[in-house]
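These are my notebook entries on a structure that I looked up.

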Amino acid sequence: MDGILAAQGLIIALFVCLVLALVTKYLSIPAIPFYIIAGVVLGKAGLGLVASDPISSFFSELGLIFLLFFVGLGLKIDKISENQREVLASGIIDLNVNMLIGFVAAYLLGFSLIEALIVAAAFYSSSTALAVTSLIENRKLMMREAGTIIWLMVFEDLVLIVILALLSAGNENLLLFAVEILAGLGIMYVLAHYGKEFLVSLLERDDELPILFTFVSVLATAGAALFLGIPDTLMVIALGAAIATTDPDAFEQHARPFKDVFLVIFFVFFGVTINLSGNVSMGVMAIICLLAVASKLISGVLTGIALYGSAASGIEIWTNTIARGEFSIALAALYGSPPVAVTIAVMVIVTSLVGSFAAKYSGVFTHGFGGGNRHRGPPRRVRAGH
Amino acid sequence: MALRSLNLPGVGTKYEFETDKGDTVAIFFTKAGTIQMYTLQKGCHTPSAAEMTPVEARRLGNILTGAIIEADQESVEIAFSALADLRVTIHSYIIPRAIAGKTIEDLGIRAKTGTTVIAVSRNDKNIINPPPSFVFETGDAVLVIGESDQLRLFEREIMVD
């Protein structure tokens with residue numbers, strides 16, 4: 001039982017997260033910011049109760065790997081082509097506005113070129129999990145904007161994969177790198193295609209096999225990728241995408257427990273390892289947070305006008321996409337220098353909380369802005385008719 | 001009435017249809033397992049919504065198909081549209097004292113009503129496809145299958161015996 005004793009810190013952190021999860025679910029506010037804050041408080045920047053060790057970093061990595069595996073599983077490129085125009089229009093507006101504002105702001109605030117790029121990518125990617133939860137919890141699924149938001153998240157995921165690929169390529173020969181990735185992806189597609197019947201029959205069993213298979217295949221893929229010197233992040237996404245051609249729902253069901261638990265560890269230990277002594281001023285962080293909220297407002301309103309000719313629609317899109325979350329933290333954990341990690345952490349904490357309240361009370365905003373226009377139109381027509 | 005179904009990545013499946021009078025009903029089966037139903041009255045901009053557990057949704061479904069639900073007795077009507085609109089109903093009943101001690105054969109359930117007892121639940125144990133020699137006890141919950149007319153006959157002929 002020495003192992004359990006050695007993992008004391010992990011157990012303390014998880015217990016705190018359990019309490020936080022209970023409280024945040026009860027209040028229906030996002031849990032991610034509180035996991036990070038808990039990590040900061042418990043970790044080296046705070047009380048120093050919990051420190052990162054090989055056990056916790058292994059679990060954190062698993063969290064990240066399972067998150068990316070889910071991104072792969074959710075890739076439905078064939079479905080995008082059905083409402084291409086809408087997805088492309090909203091996706092491109094969102095990408096350009098937010099990447100540009102994020103990058104220019106970070107660069108002007110004194111980050112280096114590559115740091116600014118990572119801040120911009122984290123600044124750009126809204127949290128898919130929080131957007132979906134907010135749509136469901138606030139009973140907004142029927143709104144026409146809900147579809148736009150959901151597909152926007154898929155588009156962001158695709159862009160994120162490209163960004164991950166570019167960042168992990170680093171100084172390598174891009175062509176060789178692309179060939180390696182495509183070869184990996186190709187092998188997995190072939191395996192999934194020819195092993196489909198075997199996989200489906202395996203997943204239908206009700207013993208330990210489906211869950212064991214899911215866990216091992218994700219871990220083995222990451223391990224093999226690292227052994228061969230290709231980025232494990234990309235290979236795990238590729239595995240998800242290949243497997244999605246067999247029975248994605250079953251894989252999701254079996255991988256969910258791993259993702260849920262390990263991702264919490266990932267968030268809390270991201271907080272634990274944060275180094276507040278990094279030289280980022282409060283002013284810089286405040287500006288980034290304000291801009292993070294404002295730039296999604298700009299992209300949201302532009303999208304609303306482009307797709308529905310309505311600023312109120314744009315506000316609705318905005319309120320549900322303010323929250324940054326898991327992907328921003330993932331980028332910070334993978335590629336962020338200490339000052340970048342702190343900035344992104346603060347941005348995620350602020351935007352996820354602001355976003356959760358904005359989405360809940362979006363009616364107030366839409367009445368204030370575009371709602372007024374909508375009301376001014378019809379009454380005049382009614383009077384003319386009588 | 002045009003029914004559309006749509007797969008929403010990360011959310012679940014959406015079913016939406018517009019009634020002949022122009023109202024819209026949308027149902028979402030979320031990945032979390034809950035079911036959300038939205039109704040939007042024609043000419044209205046904000047839908048109203050209800051969130052249900054799977055059990056609640058099935059209850060609602062039973063009500064909508066026209067089956068009567070009482071405290072301990074409920075029925076499900078299943079329509080197979082591909083089989084010339086074949087409709088069968090499964091109804092549950094609690095065995096009264098009057099027919100306790102008799103077998104399925106004694107009562108002549110099949111001969112008199114055309115219905116079949118397909119399952120009996122007794123003290124939390126389930127007996128599927130009980131034989132004709134099966135003896136009922138007071139308080140047995142039985143599932144009976146048949147057309148709705150046959151079930152009405154069952155209620156009149158057998159349950160009051």
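Among contacts in chain B between residues at least 6 apart in sequence, what percentage join residues at least 24 apart? I noted 38%, where a contact means that C-beta atoms, placed from the backbone, lie within 7 Å.

Conventions. I treat this as a predicted model, in which local features need pLDDT of at least 70 and side-chain atom pairs count only at pLDDT 80 or more, while totals for chains, interfaces and linings use all residues. Residues are numbered from 1 along each chain as its sequence is written, and chains are lettered from A and ligands numbered from 1 in the order in which they are written.

Elements. I found four helices and ten strands in chain B; these are DSSP runs numbered from the N terminus, helices being H or I of at least four residues and strands E of at least two.

Sheet. I traced an open sheet of five strands in chain B, with antiparallel pairing and the order β1-β2-β3-β4-β5; two strands pair if DSSP finds at least two bridges between them. β1 and β5 (48-52) of chain B have a single partner strand each and stand at the edges, so one side of each is left without a neighbour in the sheet. β1(B) pairs with β2 (residues 12-18) of chain B over seven bridges, in the antiparallel sense. I saw B:Arg4 opposite B:Glu16 in β2(B).

Contact between chains. Chain B gives 13 residues and chain A twelve residues. In chain B, β1 (2-8), β3 (24-30) and β4 (35-40) each supply at least two residues of the side that touches chain A.

Notes. Contact = placed C-beta atoms within 7 Å.
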